[in-house]
Amino acid sequence: MRARENPFNFFEKLTDRDDFRMRVGDYRIIADIDTNNNTIYIRLIGHRRNIYER
């Protein structure tokens, strides 16, 4: 619930991309954040060694 209330406390903007990332141990969540509708769209979840290759 807290990430939905203020996603920018948990997600960081990716360089040269329009999406955001969140660290969870060795895993990353790549998401789009719609501030108009207070919605977080999860695009990818994967291990940090290969998540950015997609």
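This is a predicted model: local features need pLDDT of at least 70, side-chain atom pairs count only at pLDDT 80 or more; totals for chains, interfaces and linings use all residues.

Reader: Which parts of the chain does the pair of phenylalanine 8 and phenylalanine 20 tie together?

Author: Phenylalanine 8 belongs to the loop between α1 (2-5) and β1 (12-13), while phenylalanine 20 is in strand β2 (residues 20-24), so the pair links parts that are 12 residues apart in sequence.

Reader: Are phenylalanine 8 and phenylalanine 20 buried, partly exposed or exposed?

Author: Phenylalanine 20 has 11% relative accessibility and counts as buried. Phenylalanine 8, at 43%, counts as partly exposed.

Reader: What sits over the ring of phenylalanine 20?

Author: That is the charged end of lysine 13, 5.6 Å from the ring centre of phenylalanine 20.

Reader: Let's turn to charges. How many salt bridges are there?

Author: The general idea is that side chains of opposite charge can pair when their charged atoms come close. Here the count is four salt bridges. One of them joins arginine 21 to glutamate 12, with the closest N and O atoms 3.1 Å apart. Arginine 21 counts as buried at 19% relative accessibility, because the cut-off for buried is under 20%. Glutamate 12 is partly exposed at 43%.

Reader: Where do arginine 48 and aspartate 26 lie?

Author: Their side chains meet in a salt bridge, 3.6 Å from N to O. Arginine 48 is in the segment after β4 (39-47) and aspartate 26 is in the loop between β2 and β3 (27-34), so this pair ties together parts 22 residues apart in sequence. Arginine 48 is partly exposed, with a relative accessible area of 45%, and aspartate 26 is partly exposed at 42%.

Reader: And which strands hold arginine 43 and aspartate 32?

Author: Arginine 43 forms a salt bridge with aspartate 32, where the closest N and O atoms are 2.6 Å apart. Arginine 43 lies in strand β4 and aspartate 32 in strand β3, so the pair connects parts that are 11 residues apart in sequence. Aspartate 32 is partly exposed, with a relative accessible area of 24%.

Terms used
Residues are numbered from 1 along each chain as its sequence is written. Side-chain values use heavy atoms; hydrogens and water are left out. Helices (H or I, at least four residues) and strands (E, at least two) are DSSP runs, numbered from the N terminus. Buried means under 20% relative accessible area, exposed over 50%, partly exposed in between (1.4 Å probe, protein chains only). A charge sits over a ring if NZ of Lys or CZ of Arg is within 6 Å of the ring centre and within 35 degrees of the ring normal.
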